[in-house]
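Me: I'm new to this one and would like a quick tour. Can you put it up, and we'll chat through it?

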Amino acid sequence: MSVPCSDPDFRPVKAKAASLPPGVTAERCWCGRVAKVKQVEDFSDKFGMKFFMCASYEHDPPRSSASSSTRPPSPPPLCKWFHWIDTEQPDWAREEVEEKQRRAWATFFEEERWEKVRANEKAERERQIQKLRAEQARNREVNQKRMDDEAARRFAEEEVRREAREAERKRLRERAAEAQAAEERGDKSGKWPRWTQGK
């Protein structure tokens, strides 16, 4: 026995043609036509349930249409008669809905898990990059200090050599000045001039 629709404005978004269940008598709608039998295709709490709907309610476009955009628009319904055949959702339909929901949640959690994995991998890559940059900075500091120390050592050695050269030049100038003064005074003793003898 069919059950009147509790909400006359409710219509499943997706439904397909179905066969009349055993023991159920075909019904006629308000306009007198034999009603169509439909089965809900929406994945909801009414999935799989069958219902009567007026044959004039919707327009079936020609099957030769290439796409929905080329199909003629459905005319306004002549009759909105609508009765449920099933009062409860079939077990197979309920199980299928539950399985689809389970798969959807599993997919969601799997995607969420992979999002976390990708986020952790990204964080690890960034951490490795920061670590590498820090090591490179430390290496640059060490190399710069090594070069600075080497430059300071060379500068110190050059200063020592410069001071030694200056001391030698000073000694030679003093010796030359002394020898020149002795020669101008005619101060000679021994076989050779004094300034030519080693000190």
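This is a predicted model: local features need pLDDT of at least 70, side-chain atom pairs count only at pLDDT 80 or more; totals for chains, interfaces and linings use all residues.

Me: OK, how many disulfides does the structure hold?
Reply: The count is 0.

Me: Is Cys29 buried or exposed?
Reply: Cys29 counts as buried, at 6% relative accessibility. Buried means under 20% relative accessible area, exposed means over 50%, and partly exposed is in between (1.4 Å probe, protein chains only). Cys31 is partly exposed at 40%.

Me: Let's zoom out. Which elements are in the chain?
Reply: There are 1 helix and 5 strands. From the N terminus on, they run β-β-β-β-β-α. Helices (H or I, at least four residues) and strands (E, at least two) are DSSP runs, numbered from the N terminus.

Me: And how much of the chain counts as buried?
Reply: Of its 199 residues, 19% do. The accessible surface of the chain comes to about 15,900 Å², and 53% of that belongs to carbon and sulfur atoms. Those areas come from the Shrake-Rupley method with a 1.4 Å probe; for residues, only the protein chains shown count as cover.

Me: Which strands pair up with β4?
Reply: Strand β3 (residues 36-40) pairs with β4 in the antiparallel sense over 4 bridges. Strand β5 (residues 82-84) also pairs with β4 in the antiparallel sense, over 3 bridges. Two strands pair if DSSP finds at least two bridges between them.

Me: Are the faces of β4 buried or exposed?
Reply: Both faces of β4 (residues 50-53) are covered. Lys50 and Phe52 are buried on one side, and Phe51 and Met53 are buried on the other.

Me: Which residues make up the largest nonpolar core?
Reply: That core has 9 residues: Val24, Cys29, Ala35, Val37, Phe52, Cys54, Cys79, Trp81 and Ile85. A nonpolar core here is a set of buried Ala, Val, Leu, Ile, Met, Phe, Trp, Tyr and Cys residues joined through side-chain atoms within 4.5 Å. There's a second, separate core of 6 residues, including Val40, Phe51, Met53 and Phe82.

Me: Back to Val37. What is it in contact with?
Reply: Leaving aside neighbours within four places in sequence, Val37 is in contact with Lys16, Ala17, Ala18, Ser19, Leu20, Lys50, Phe51, Phe52 and Ile85. Contact means heavy atoms within 4.5 Å. For the chain as a whole, take the contacts between residues at least 6 apart in sequence: 59% of them join residues at least 24 apart.

Me: New topic: how many salt bridges does the structure hold?
Reply: It holds 15. A salt bridge is a side-chain nitrogen of Lys or Arg within 4 Å of a carboxyl oxygen of Asp or Glu.

Me: Where do Arg127 and Glu124 lie?
Reply: Both are in helix α1 (residues 91-185), 3 residues apart, about one turn of the helix. Arg127 is partly exposed at 45%, and Glu124 is partly exposed at 34%.

Me: What about Glu157 and Arg153?
Reply: Their side chains meet in a salt bridge too, at 2.5 Å, N to O. Glu157 and Arg153 both lie in α1, 4 residues apart, about one turn of the helix. Glu157 is partly exposed at 35%, as is Arg153 at 38%.

Me: Which residues are linked in a network with them?
Reply: Glu150, Arg153, Arg154 and Glu157 are linked in a network of salt bridges.

Notes: Residues are numbered from 1 along each chain as its sequence is written. Side-chain values use heavy atoms; hydrogens and water are left out. A disulfide is a pair of cysteine sulfur atoms within 2.5 Å.
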